[in-house]
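Subject: Structure handover and notes

Hello,

Here is the structure we discussed. My notes follow below it.

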Amino acid sequence: MERIPEQMGYLILTMDGAVISSGGDLENNERIADIIAKTISTSKSLYVPDEQFQNMSILYQYYHYSICVSNKKIHVSKIKHDPNALENEEVRVISESA
């Protein structure tokens, strides 16, 4: 996960929020890990038949979290972006195939 452009940090979590691997700004950040795991758990209550959770983004002014679930693990990247990009719809979406 360290090869993602503009990445500021990353987390790989178990489905219950335990940190498996981390780096950068998110290294050993159990508070963010817990928040992300609870967010994923809550999103499961939005279940729609024949649809699966694919990925989620949480946007802030200067960075965003890109979150996906793959192989029963939660993958989180904190990615820097230009605050003006939201107005110009230039925020890159990062996705990785499992």
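How many bridges join β3 to β4, and do they run parallel or antiparallel? There are 5 bridges between β3 and β4, and the two strands run antiparallel. Please keep in mind throughout that this is a predicted model.

The sheet

The β3-β4 pair belongs to an open sheet of 5 strands, ordered β2-β1-β5-β4-β3, with antiparallel pairing. At its edges stand β2 and β3 (55-59); each has a single partner strand, so one side of each has no neighbour in the sheet. Ignoring direction, neighbouring strands are turned against each other by 15 degrees on average.

A hairpin connects β3 to β4 through 3 residues. Within this pair, N55 stands opposite C68 in β4. Elsewhere in the sheet, β1 and β5 also run antiparallel, joined by 7 bridges. Q7 stands opposite I79 in β5.

The nonpolar core

In soluble globular proteins, nonpolar side chains tend to be buried together. Here the largest nonpolar core has 13 residues. Those with the most contacts inside this core are L11, L13, I36, I67, I74 and V76. At least two core residues come from each of β1, α1, β4 (63-70) and β5. The most come from α1, which gives 5 residues.

Apart from neighbours within four places in sequence, I36 is in contact with L13, I58, I67, I74 and V76.

Salt bridges

Side chains of opposite charge can pair when their charged atoms come close. Searching the whole structure gives 3 salt bridges.

One is between the side chains of E6 and K80, at 3.7 Å from N to O. This pair links distant parts of the chain: E6 is in the segment before β1 (7-14), K80 is in strand β5 (residues 73-80), and the two are 74 residues apart. Both partners are partly exposed, E6 with a relative accessible area of 41% and K80 with 45%.

Another joins the side chains of D25 and K78, with an N to O distance of 3.3 Å. Are the two partners buried or exposed? D25 counts as partly exposed, because its relative accessibility is 44%. K78 has a relative accessible area of 11%, so K78 is buried.

The remaining salt bridge is between the side chains of K38 and D34, at 3.1 Å from N to O. K38 and D34 are 4 residues apart in helix α1, so about one helical turn separates them. K38 is exposed, with a relative accessible area of 52%. D34, at 35% relative accessibility, counts as partly exposed.

Two buried polar residues

What does the side chain of S22 do in strand β2? A polar atom of the S22 side chain lies 2.9 Å from the backbone nitrogen of N28. S22 counts as buried, because its relative accessibility is 15% and the cut-off for buried is under 20%. Not counting residues up to four places away in sequence, S22 touches Y10, L11, E27 and N28.

H81 is found in the loop between β5 and α2 (85-88). H81 also counts as buried, with a relative accessibility of 10%. Which backbone atom does the side chain of H81 reach? The H81 side chain reaches the backbone oxygen of Y60, at 3.1 Å.

Regards

Technical notes: Residues are numbered from 1 along each chain as its sequence is written. This is a predicted model: local features need pLDDT of at least 70, side-chain atom pairs count only at pLDDT 80 or more; totals for chains, interfaces and linings use all residues. Side-chain values use heavy atoms; hydrogens and water are left out. A salt bridge is a side-chain nitrogen of Lys or Arg within 4 Å of a carboxyl oxygen of Asp or Glu. Buried means under 20% relative accessible area, exposed over 50%, partly exposed in between (1.4 Å probe, protein chains only). A nonpolar core is a set of buried Ala, Val, Leu, Ile, Met, Phe, Trp, Tyr and Cys residues joined through side-chain atoms within 4.5 Å. Contact means heavy atoms within 4.5 Å. A polar contact is a pair of N or O atoms within 3.5 Å; within protein, one must be able to donate a hydrogen and the other to accept it, and residues adjacent in sequence count only if both atoms are side-chain atoms. Two strands pair if DSSP finds at least two bridges between them. Axes are lines fitted to C-alpha atoms, for helices over the stretch in contact, and angles run from 0 to 180 degrees between N-to-C directions.
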